[in-house]
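The following note sets out, point by point, what may be read from the structure shown below. Please keep the structure in view while reading.

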Amino acid sequence: MSIPATTGALKTKISDMKLGDYIVCKYVASSGAVGLFSELGTSTATELPVAGSATPNGSFYLVKVDKGLLAADRVIQHLISWDALNTGKLIQGVPWDNSIIPAMTSYTAPNGIVSASSEFSGYPAWYAFDRASTSSWVSANGQMTGWIQYAFTEQKDIVSYGITSREHASARGDLKSWTFEGSNDGLVWTVLDERTNIEQWQSKEKRVFSLKKKERYRFYKINVTEIHQVGTAPYISIGDIGFYTDVQMSIRSLSGGVAYMNAGGSSSITDLKLGAFPSSNEWDKYILNFPISKIQSGKTLDDVFHWSGCYSWTQDTPAITLGASTTRVMRGYAYSYYFIFVTSNTTSGTSAPRGFRPVFEYQE
């Protein structure tokens, strides 16, 4: 196994992590396309190769490198262009819905059970849990109060839940007042959170609500008592629902600098093996200068971040003296003790050494 060789420990929750600790995550993608992250802290999938894969389907580790920042211990996907990552918003960043509910494909698959007080034909309850932006649960016509629930196969600790309004500008039944409830038998319910007179939602707007009372339950439901009726919509509508056991975060790429750096800390057109300018770039700050004290005795930086033999796309465009505006900065592919700063890479270029190394960012 290629567990990062830090002095930290494997954790199951981000909120428990300290500098040098690491957490497992799963990533699945098709060739040349942005994929899906899942099973943070729980994945038992086979590990991805340390130099990535063109069609990744497995686990990797995220190492805590700073307050509110985790960096992947490897390139998780190669043969993917900067343009593809940018289109998927994984260069500058995109919020990640790390709901512990899987993307449902029916009322019972892949696991758990979805149910509701009623539903409109063509808008089943499980649509609220399918992670798709264009589908939604709609209650039966005329039913402006009601409930929707998800039953896990075992008790779960929930610290917050997210609701996304229906993607429909002219006809929506957005939530105005409701309770969020938990149960272990589906019969006796405990109110864990109550919201009243919540302001109007926009189409496809997501809001996250922290629980005021936290206990372990197997069943969780949203019981709607009042809606904002948008247009001719005498019904409840919900685009998506997520349950969370940990912090909310976004996923992006590292910054890598725009030029080489000289001994005086200024930019240079010559690689002096001193890293990139500006020195605050995240590749140098968090990868190259990861604390030696946090690396296991007898191990190297490469045993933590597995950078040897591969490049990582970064956010940056090189200075005009080093490359055209159609190129992007890649970092990595180490030789001996230093890191190569690479600029001759068009945004649409793909090759096996070039790849995506994600960063997870969150408020702490």
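1. Helices (H or I, at least four residues) and strands (E, at least two) are DSSP runs, numbered from the N terminus. By this rule the chain holds three helices and 26 strands. The model is predicted: local features need pLDDT of at least 70, side-chain atom pairs count only at pLDDT 80 or more, and totals for chains, interfaces and linings use all residues. Residues are numbered from 1 along each chain as its sequence is written, and side-chain values use heavy atoms, with hydrogens and water left out.

2. Overall dimensions. Along the principal axes, the C-alpha atoms fill a box of roughly 70 × 45 × 35 Å. The radius of gyration is taken over C-alpha atoms, and the globule rule is 2.2 Å times the number of residues to the power 0.38. For 364 residues a compact globule would have a value near 21 Å, and the 23 Å of the chain agrees with this.

3. Burial and contacts. A residue is called buried under 20% relative accessible area, exposed over 50%, and partly exposed in between (1.4 Å probe, protein chains only). Of the 364 residues, 52% count as buried. Contact means heavy atoms within 4.5 Å. Among the contacts with a separation of 6 or more, 67% come from residues 24 or more positions apart.

4. The largest nonpolar core. In soluble globular proteins, nonpolar side chains tend to be buried together. A nonpolar core is a set of buried Ala, Val, Leu, Ile, Met, Phe, Trp, Tyr and Cys residues joined through side-chain atoms within 4.5 Å. The largest one has 31 residues, of which Phe-129, Ile-148, Ile-163, Trp-178, Ile-222 and Phe-243 touch the most other members. Two or more residues each are given by strand 10, strand 11 (160-164), strand 12 (172-183), strand 15 (216-230) and strand 17 (240-244). Strand 15 supplies the largest share, five residues.

5. Trp-178 and the second core. Not counting residues up to four places away in sequence, Trp-178 touches a set of residues including Tyr-161, Ile-163, Trp-201, Phe-209, Ile-222 and Val-224. Its partners also include Asp-193, Glu-194 and Arg-195. A second, separate core of 29 residues includes Cys-25, Leu-70, Leu-85 and Phe-356.

6. Salt bridges. A salt bridge is a side-chain nitrogen of Lys or Arg within 4 Å of a carboxyl oxygen of Asp or Glu. The structure holds 15 of them. One joins Lys-26 and Glu-39, whose closest N and O atoms are 4.0 Å apart. Lys-26 belongs to strand 2 (residues 22-28), while Glu-39 is in the loop between strand 3 (36-38) and strand 4 (57-66), 13 residues apart. Lys-26 is buried at 19% relative accessible area, whereas Glu-39 is partly exposed at 37%.

7. Which salt-bridge partner does Lys-64 have? The partner is Glu-364, with the closest N and O atoms 2.8 Å apart. Lys-64 lies in strand 4 and Glu-364 in the segment after strand 26, so the pair ties together parts 300 residues apart in sequence. The relative accessible area of Lys-64 is 5%, and this residue is buried.

8. Asp-284 and Arg-331 form a further salt bridge, at 2.9 Å between the closest N and O atoms. Asp-284 is in helix 2 (residues 282-288) and Arg-331 in strand 23 (residues 330-335), 47 residues apart. Both are buried: Asp-284 has a relative accessible area of 4%, and Arg-331 has 0%. Elsewhere, salt bridges that share partners join Glu-47, Asp-73 and Arg-74 into one network.

9. Arg-357 sits in the loop between strand 25 (354-356) and strand 26 (358-362). For charge, Lys and Arg count as positive and Asp and Glu as negative; His and the chain ends are not counted. Arg-357 is buried yet has no salt bridge, and the nearest side chain of opposite charge, Asp-73, is 6.3 Å away. A polar atom of the Arg-357 side chain does lie 3.1 Å from the backbone oxygen of Ala-72, and one lies 2.9 Å from the backbone oxygen of Phe-305.

10. Gln-155 is in strand 10 (residues 146-157) and is partly exposed, with a relative accessible area of 35%. Its side chain makes a polar contact (a pair of N or O atoms within 3.5 Å; within protein, one must be able to donate a hydrogen and the other to accept it, and residues adjacent in sequence count only if both atoms are side-chain atoms) with the side chain of Asn-184, at 3.1 Å. Gln-155 and Arg-216 are 61 residues apart in sequence and 5.6 Å apart in space, C-alpha to C-alpha.
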